[in-house]
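Here are a few notes to read alongside the model. Have the sequence and the structure open while you go through them.

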Amino acid sequence: MTSAFAAGGDHRSLPVPDGLDGMRLDQAVSRLFGLSRTAAAALVDAGDALVDGVRRPNSHKVKAGSWLEVTLPAPAAPPTVVPQAVPGLRVVYADEDIVVVDKPVGVAAHPSPGWTGPTVIGGLAAIGHRISTSGAAERQGVVHRLDVGTTGIMVVAKSEQAYSALKRAFKYREVDKRYHAVVQGHLDPLRGTIDAPIDRHPTHDYRWAVVSGGKPSITHYDTVEAFPAASLVDVRLETGRTHQIRVHFSTLRHPCVGDLTYGADPTLSARLGLARQWLHARALSFLHPRTGDEVSFVSDYPDDLERALEILRD
């Protein structure tokens with residue numbers, strides 16, 4: 001493998017801070033430059049992270065004051081929006097300011113590095129919806145997101161005024177976001193609040209976790225229906241962190257049924273025929289950015305989630 005030191009790149013040189021003394025080299029590179037552990041380890045393996053001018057393995061424990069030389073990879077080109085018809089993407093409401101969609105499973109909110117599948121933004125472009133130009137190029141108009149494996153109601157801004165107003169409303173928690181989830185077991189208490197900070201998982205890329213010093217994250221829940229092996233819960237988000245519902249219930253040892261990433265029972269998932277987490281953005285209410293009137297939208301359960309409920313009820 002050719003080293004970026006030989007090929008030329010974005011070179012950084014700095015002493016190891018006292019706070020990283022004794023840390024693995026890949027961890028130190030990850031912390032210092034905001035890289036994932038996987039990306040940091042790849043740099044070290046390629047010889048693009050030297051300690052006092054010497055190539056070291058990922059497991060090398062760095063010492064405070066040692067000189068660290070790193071060549072960072074060139075930033076990837078930003079993903080672009082490609083108009084593409086998305087089967088199952090349903091427009092619930094649209095006007096000159098907003099478009100509300102019912103998102104099917106397997107669809108991302110917007111393009112992102114590594115994602116080659118369909119997106120809400122690409123689907124809307126394919127059917128002629130002009131989206132706000134505010135925000136990063138690949139996620140213009142997107143004011144909130146749903147996971148690829150989460151279905152349900154999502155709003156996208158079409159005008160600049162709507163984008164600004166909706167971003168503010170989400171930031172200041174003026175939007176009522178309701179989700180339904182089926183979680184394993186029975187919650188105790190049946191109704192409650194989960195207040196636990198969330199940030200990136202310390203060792204697993206693409207996962208999130210409850211960690212000390214993470215971003216404040218608050219989830220309110222209420223049990224709607226109990227089954228022998230699981231519970232249907234109504235969830236109201238006070239904050240909107242990545243994977244918040246999935247992480248919070250997994251932390252309580254009641255992961256969303258089907259959510260193998262966060263510890264769900266694969267046997268139960270298979271019995272219910274689920275290939276993703278049982279999690280649905282059920283309802284969304286907010287003040288219309290132009291008229292100021294309250295608007296509300298509700299989404300029915302998709303077929304795979306409805307079938308799982310029927311099996312649980314039998």
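**Notes on the model**

1. Let's start with Asp 259, which sits in the loop between α6 (244–251) and α7 (266–271). Helices here are DSSP runs of H or I with at least four residues, strands are runs of E with at least two, and both are numbered from the N terminus. Asp 259 is buried, with a relative accessible area of 2%; buried means under 20%, exposed over 50% and partly exposed in between, with a 1.4 Å probe and protein chains only. Leaving out residues up to four places away in sequence, Asp 259 touches Arg 246, Ala 264 and Gln 277, where contact means heavy atoms within 4.5 Å.

2. A word on what you are looking at: this is a predicted model, in which local features need pLDDT of at least 70, side-chain atom pairs count only at pLDDT 80 or more, and totals for chains, interfaces and linings use all residues. Residues are numbered from 1 along each chain as its sequence is written, and side-chain values use heavy atoms, with hydrogens and water left out.

3. Which residue does UniProt list for "active site"? In an unreviewed entry, UniProt lists Asp 147; such annotations may be inferred rather than shown by experiment, and the position is given in the numbering used here, with the feature name shortened. Asp 147 is found in the loop between α4 (120–126) and β7 (151–157). Residues up to four places away aside, Asp 147 touches Lys 103, Val 107, His 243, Arg 246 and Gln 277. Look back at Asp 259 here: Arg 246 and Gln 277 are among its contacts too.

4. Next, have a look at β13 (residues 230–237), where seven of eight residues are buried. On one pairing, β13 runs antiparallel to β8 (residues 176–184), joined by seven bridges; strands count as paired if DSSP finds at least two bridges between them. Val 182 has Leu 232 of β13 as its bridge partner.

5. β13 also pairs with β12 (residues 218–226), again antiparallel and over seven bridges. Here Ala 226 is bridged to Ser 231 in β13. β12 and β13 make a hairpin, with three residues between them.

6. Finally, the whole protein: there are eight helices and 15 strands, and the C-alpha trace spans about 60 × 45 × 35 Å along its principal axes. Of the 314 residues, 47% count as buried. Among contacts with a separation of 6 or more, 63% come from residues 24 or more positions apart.
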